[in-house]
Amino acid sequence: MPLFIFLHGSLSYFYPASHYIFMQQDALILELQKGNERAFERIYHLYSESTYGIIFTIIRDEKVAEEVLQDVFLKIWDKAPSYNSDKGRFFTWILNIARNASIDKIRSKDFKNDQQNLKTDNFVDILEAKTNFSEAVDSIGLKKYIDALKPVCKKLIDYLFFKGYTQKETSEELDIPLGTVKTRNRVCIDKLRAMVIK
Amino acid sequence: MDIQKYISSGILELYVYGALSEKESSEVSHVLKEYPEVKAEVEEIEKALLTLSAATAPNNAEHLISSIKEKLSKSPTGTAPVATPVRSINWITYSGWAASLLLLIGLFVFFNRTSELREELQAANARNVQMEEQIANAREDAEKAEELLAVIRDRNVQRIPLKGQQVAPEAFASVYWNTQENTAYIDAKELPEPPRGKVYQVWSLTMQPLTPTSLGLLANFEADDNKVFSLENPNQSEAFGITLEPEGGSETPTMDQLYVLGTVAAP
């Protein structure tokens, strides 16, 4: 059985990334938890860009964000055995590590941020300012769509996804009823999906 | 549970965000494992969010992997957790080797044991053959003894003791003569072993005039266990004598080599 998993893991290394995300994820995570460096490389390949995006959205400094990204993946490597799929998604687990590390960083003394307008900026500003998109993202389409998103959707996604706010914090921040956060966000994500997944 | 209602409630988006409480999150994880359509929905939400957040990265971060990997082995905080997974990889790898090694050892032991058993079996078979031979011999001996006993008990049998003569005063022999069947059984147990190149010859004697008639040789004297020899004797013997003769026997007895002699008692 262990030999089988080992072979299984090695073989799946050659599968394309998309195959990995949805088909082989359980096996890949298992390998990562065992300390398989190849599995770690695959995980990095799958999640680093998104993680980098999350970190950069909070920190807004490319160099510092790179440092934090490295720290986050070192943490992912170290803490992988503590991940439990019964508690939540692996992506969510990474998301929490990335957000916490980023927030810790901007609160630390050695982080001097000249931009004091963080509160008002969100991911949309980054997307609009961006010129070099990676091939993985249909940048033009995404940008157009983001532009078309209702302001409330932009804010819901920014708070709940990028900044990791709770429903209560989000409802207070946006001044909308707590009971509607969940359903309104659902509508926003549906629109995002319609664009991202053809 | 109404799965469609559950999906459209928006709880799955919050689940992926990590915006649910630990308890709510565990519940969704449970539902997700039970309903494939819920899992598919979560995966699609995840994919959309992965794409969106990847788009906000200032550049591709692939190049950082090498420096991260360097730190994986060096990082002091990572030492302990890193060591454990590495050990487990080794275990996985070695377990394969260990299994093959065990298999090899097992096969070796197995073959060794098999050849040992084969040898033991052969030895046992050899012992069996020996035993069978011994049993056959014993049976043969018993049959011979019975035959001898029958010979002696026969009412037509006459026993003639032959006493040691000058050459061998200690020697002794008996003739059991069945006059009905004209057979003489020579019991030569008490005769000394004949020297090399010599052989005992049995003679039937009739007196007046003294006429010796050869009955035959005690062939294979050394090899014969019970030293009982059966010879044909159609003569009207009055006495029996045994002489030591050169190999092959003689026409006439060599009288100075007469070992034993005995006369037949008158009926």
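**Entry 1: one residue in chain B**

I began with B:Leu258, which is partly exposed because 19 other C-beta atoms lie within 10 Å. The cut-offs I used: a residue is buried with 20 or more other C-beta atoms within 10 Å of its own, exposed with 12 or fewer, and partly exposed in between, with C-beta atoms placed from the backbone. The model is predicted, so I kept to its limits: local features need pLDDT of at least 70, side-chain atom pairs count only at pLDDT 80 or more, and totals for chains, interfaces and linings use all residues. Residues are numbered from 1 along each chain as its sequence is written, while chains are lettered from A and ligands numbered from 1 in the order in which they are written.

I found B:Leu258 in strand β8 (residues 258-263) of chain B. Helices (H or I, at least four residues) and strands (E, at least two) are DSSP runs, numbered from the N terminus. Which residues does B:Leu258 touch, not counting residues up to four places away in sequence? I listed B:Gln165, B:Val167, B:Gly241, B:Thr243 and B:Pro253. Two residues are in contact if their C-beta atoms, placed from the backbone, lie within 7 Å. B:Thr243 is 15 residues from B:Leu258 in sequence, and their C-alpha atoms are 4.3 Å apart in space.

**Entry 2: the two chains**

I counted six helices and eight strands in chain B. From the N terminus on, their order is α-α-α-α-α-α-β-β-β-β-β-β-β-β. Chain B has 267 residues, and 25% of them are buried. Chain A has eleven helices and zero strands. Of its 198 residues, 38% count as buried.

I also looked up the record for chain B. UniProt, in an unreviewed entry, lists residues 91-111 of chain B as "transmembrane region"; such annotations may be inferred rather than shown by experiment. In the model this span is 100% helix and 0% strand, and its end C-alpha atoms lie 29 Å apart.

**Entry 3: where the chains meet**

I found 59 residues of chain A in contact with 56 residues of chain B. On the chain A side, the elements that give two or more residues include α1 (2-12), α4 (37-59) and α11 (178-196). The largest share, eleven residues, comes from α4(A). By class, the chain A side has 27 nonpolar, 19 polar and 13 charged residues. Here Ala, Val, Leu, Ile, Met, Phe, Trp, Tyr, Cys and Pro count as nonpolar, Asp, Glu, Lys and Arg as charged, and the others, Gly among them, as polar.

**Entry 4: nonpolar cores**

A nonpolar core is a set of buried Ala, Val, Leu, Ile, Met, Phe, Trp, Tyr and Cys residues joined through C-beta atoms within 7 Å. The largest has 69 residues, and A:Ile43, A:Ile55 and B:Leu12 have the most contacts inside it. Again α4(A) gives the largest share, here twelve residues. Leaving aside neighbours within four places in sequence, I noted contacts of A:Ile55 with A:Ala65, A:Val68, A:Leu69, A:Val72, A:Ala98 and A:Ser102. A second, separate core has 20 residues, among them B:Trp177 and B:Leu244.

**Entry 5: a helix pair in chain A**

How do α9(A) and α10 (residues 167-174) of chain A pack? Their angle is about 140 degrees and their axes are 10 Å apart. Axes are lines fitted to C-alpha atoms, for helices over the stretch in contact, and angles run from 0 to 180 degrees between N-to-C directions. I noted A:Val152, A:Lys155, A:Leu156, A:Tyr159 and A:Leu160 in α9(A) meeting A:Thr170, A:Glu173 and A:Leu174 in α10(A). This contact has five nonpolar, one polar and two charged residues.
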